[in-house]
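Hi everyone, thanks for having me. I'd like to walk you through one protein model today, so please have the picture open and follow along with me.

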Amino acid sequence: MGAGNDAGPHSVVRRAAPGRVNLIGEHTDYNGGFVLPTAIPQQTAVVLTPRTGKTVTAQSANANQVGEFILGDEQPRGDWLDYVQGVTWALGHNGFELQGFDLSVSSDVPLGAGLSSSAALEVAVLRAIRDAFGLALDDLTLARLGQSAENDFVGARCGIMDQMAANLADGSTALFLDTRSLEFRRVPLPADADLVVIHSGVSHDISAGDYNTRRAECEEAARQLGVPQLRDLTDADLRRIEQLPDPLGRRARHVLTEDARVLEAVVALERSDLNRLGELFGASHASMRDDFEVSTTDVDLLVELAQDDEDVYGARMTGGGFGGSVVIFARQGRGRVAGDRIAQAYATRSGRIPTLLVPPNF
Ligand code: GLA
């Protein structure tokens, strides 16, 4: 799949976009900071067939559900169709003229796993619409429209990381992104390590209130510190940060230290210094657990089991939090064995059903 130029105005268009795993840089994107995601092999695929009129029909192979709406009259209904409606709503609000279409969706990006299934759907639909109707959409505009679908239609106040990753990341490099300038650079993943992703079996939903609460806390901390965004803090601000009322001080400290860890992680990746990368993963997880408070007991257990594994350099929770997945770097050639071993130990201890997603089982 991918964005080819094979589409005439009435042809069927197939497009796809991958899920992502964020290596490090969590809850930094809506603070104007740095992130480092990479694409995972799982993806969301859509087939779009233009039709006359303003009706859109959509069916999901996963949910075994059909939905229908009228362009220009999108109404949130609280399920997967909102991401499709959000995309056409955002296009409409940005002056793009659309005609109706029939859409079918299938995805192997797990929902609620912190791997950005919603951005994969938004970007796949945007690519299909762009190519079916010949819209002039550059990569950054496309990502911004996906984010607007979430922020302004679905009601999740997410940053830009996931839509940028779904649109621009690949599986052999990490996308080092400055979420303020949107400048990015691809950093090769280390050839001498295996990337491992395990879903904890605890699902989260970022449209649920906790994510938006964290974002509001960050904005309030920035206001009280007198900076436009927490990205603008430096180590010289640490004393002032400590004086903020709890939990604002801890929230700000997480963002300040996490941004610094992303920069260090890029250096560690470029030097193939996996031990240092592992330490940064550990510090990032501790900060998300203690300062940002977005981890859960089960996810902490999964991270600890991974960190204790003999084949592992480092492990941390990835994504928005409150459940979801853990990202791990393991010794080259040992990823599957270590991943299975960690998942098994976690299942026994937690009673949850984990899934080893990377390396994939296909
Ligand atoms: C979710 C959001 C992203 C980002 C992460 C946390 O995935 O969609 O914008 O904030 O959480 O890093």
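Let me begin with one term: a residue counts as buried when its relative accessible area is under 20%, as exposed when that is over 50%, and as partly exposed in between. One more thing before we look around: what you see is a predicted model.

Is H27 buried or exposed? H27 has a relative accessibility of 4%, and that is under 20%, so H27 is buried. You will find H27 in the loop between β1 and β2, where β2 covers residues 34-35.

Which residues are closest to the ligand? The ligand is surrounded by 13 residues, and the closest are E26, H27, D29, D162 and Y211. Let's go through some distances. In the side chain of E26, an N or O atom is 2.7 Å from an oxygen atom of the ligand. For Y211, again with an N or O atom in the side chain, the distance to an oxygen atom of the ligand is 2.6 Å. With G159 we turn to the backbone: one of its backbone N or O atoms lies 2.9 Å from an oxygen atom of the ligand. And how much of the ligand does the protein bury? Taken alone, the ligand exposes 310 Å², and the protein buries 97% of that.

Stay in this area for a moment and find H254. This residue sits in helix α7, residues 248-270. H254 has a relative accessible area of 0%, so it is buried. Leaving aside residues up to four places away in sequence, H254 touches E26, H27, R261, S287, M288, D291 and F292.

In what order do its strands lie? There are 5 strands in an open sheet, ordered β1-β3-β6-β4-β5, and their pairing is mixed. At the edges we have β1 (13-22) and β5 (65-70), each of which pairs on one side only. From one strand to the next, the twist averages 20 degrees. Zoom in on one pair: β4, residues 55-60, runs antiparallel to β5, and 6 bridges join them. One example is Q59, whose bridge partner in β5 is V66.

Helix α1, residues 81-93, touches β4, β5 and β6 (101-107), and its direction makes about 25 degrees with that of β5. Helix α2, residues 117-133, touches β1, β3 (37-50) and β6, and its direction makes about 150 degrees with that of β1.

Strand β10, residues 312-318, and strand β11, residues 325-331, pair in the antiparallel sense over 6 bridges. As an example, T318 stands opposite S325 in β11. Between the two strands are 6 residues, and in that turn G319 has a positive phi of about 90 degrees. Strand β10 is mostly covered, with 6 of its 7 residues buried.

Now for S295. Look in the loop between α8 and α9. S295 has a relative accessible area of 17%, so it counts as buried. Its side chain makes a polar contact with the side chain of D300, at 2.6 Å. If we skip residues up to four places away in sequence, S295 touches H285, M288, R289, D300 and M317. How far apart are S295 and F322? They are 27 residues apart in sequence but 5.2 Å apart in space, C-alpha to C-alpha.

That loop, between α8 (274-290) and α9 (297-308), also holds E293. Phi of E293 is near 50 degrees, again positive in a residue other than glycine. E293 is partly exposed, because its relative accessible area is 33%.

Finally, two peptide bonds for you to find. D246 and P247 are joined by a cis peptide bond, with omega about 5 degrees, and P247 is in the loop between α6 (238-242) and α7. V358 and P359 are also joined by a cis peptide bond, with omega about 0 degrees, and P359 lies in the segment after β12 (355-358).

How values were computed. Residues numbered from 1 in each chain as written. Predicted model: local features only at pLDDT ≥ 70, side-chain atom pairs only at ≥ 80, totals over all residues. Heavy atoms only, no water. Pairing = 2+ DSSP bridges. Helix = DSSP H or I, 4+ residues; strand = E, 2+ residues; numbered from the N terminus. Axes fitted to C-alpha atoms, helices over the stretch in contact; angles between N-to-C directions. Contact = heavy atoms within 4.5 Å. Buried < 20%, exposed > 50% of the residue type's maximum accessible area, 1.4 Å probe, protein only. Near = heavy atom within 4 Å. Polar contact = N/O pair within 3.5 Å; in protein donor to acceptor, adjacent residues only side chain to side chain. Areas by Shrake-Rupley, 256 points an atom, 1.4 Å probe, with all protein chains shown as cover.
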